Amino acid sequence: MKNFLVKTIANAAALAVAVWLLEPDISLTGHNTGRKALTLILVALIFGVVNFVVKPVVKLLSFPLFILTLGLITLVINALMLLLTSWLAGTLDLAFHVDGFWTAVLGGVIVSVVSWAMHVLLPDED
């Protein structure tokens, strides 16, 4: 349970940094700070589920592209996972939106780097 909480906090922090750096193109809106924080946690949960369920299937199906592009297809897959998270958040009436593929690519890079740094800093035992 602690590992799940740590990963959710890391995802929320990574998404917050992406929203902060790419503000007009990745938006998180809300009436107040508490509402934004709750939305960010819920979006982080959705992002975690998408990365746990969908991403391995997409990686398996695109394995030849991993070999062909020497792993650079990971940037595209991360962008697609962020766009899927944005779509699911919109479906659930959460105020999180990613505007466009190239924004999602840059956001995916930011989320990956910040998430990695958060996992290094936060404890990871169960």
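N11 touches A44, F47, G48 and S115, leaving aside residues up to four places away in sequence (contact means heavy atoms within 4.5 Å). This is a predicted model, where local features need pLDDT of at least 70, side-chain atom pairs count only at pLDDT 80 or more, and totals for chains, interfaces and linings use all residues. Residues are numbered from 1 along each chain as its sequence is written, and side-chain values use heavy atoms, with hydrogens and water left out.

**N11**
- N11 sits in helix α1 (residues 2-21); helices (H or I, at least four residues) and strands (E, at least two) are DSSP runs, numbered from the N terminus.
- N11 counts as buried because its relative accessible area is 10% (buried is under 20%, exposed over 50%, partly exposed in between, with a 1.4 Å probe and protein chains only).

**Helix α2**
- Helix α2 (residues 33-61) has 29 residues and spans 40 Å from first C-alpha to last, close to the 42 Å expected at 1.5 Å a residue (1.5 Å times one less than the number of residues).
- There's a bend of about 40 degrees in α2 at V54, with a proline, P56, following within four residues (the angle is between axes fitted to the seven residues ending there and the seven starting there).
- Buried residues of α2 include A44 and F47, and the buried set packs against α1, β1 (26-28), α4 (73-91), β2 (96-98) and α5.

**V109 and its patch**
- V109 lies in helix α5 (residues 101-121) and is partly exposed because its relative accessibility is 33%.
- L72, L75, V109 and V113 make a nonpolar surface patch of about 340 Å².

How values were computed:
Patches are made of residues with over 30% relative accessible area and no salt bridge: like charges are joined within 9 Å, nonpolar side chains (Val, Leu, Ile, Met, Phe, Trp, Tyr) within 5 Å. Accessible areas come from the Shrake-Rupley method with a 1.4 Å probe; for residues, only the protein chains shown count as cover. A salt bridge is a side-chain nitrogen of Lys or Arg within 4 Å of a carboxyl oxygen of Asp or Glu.
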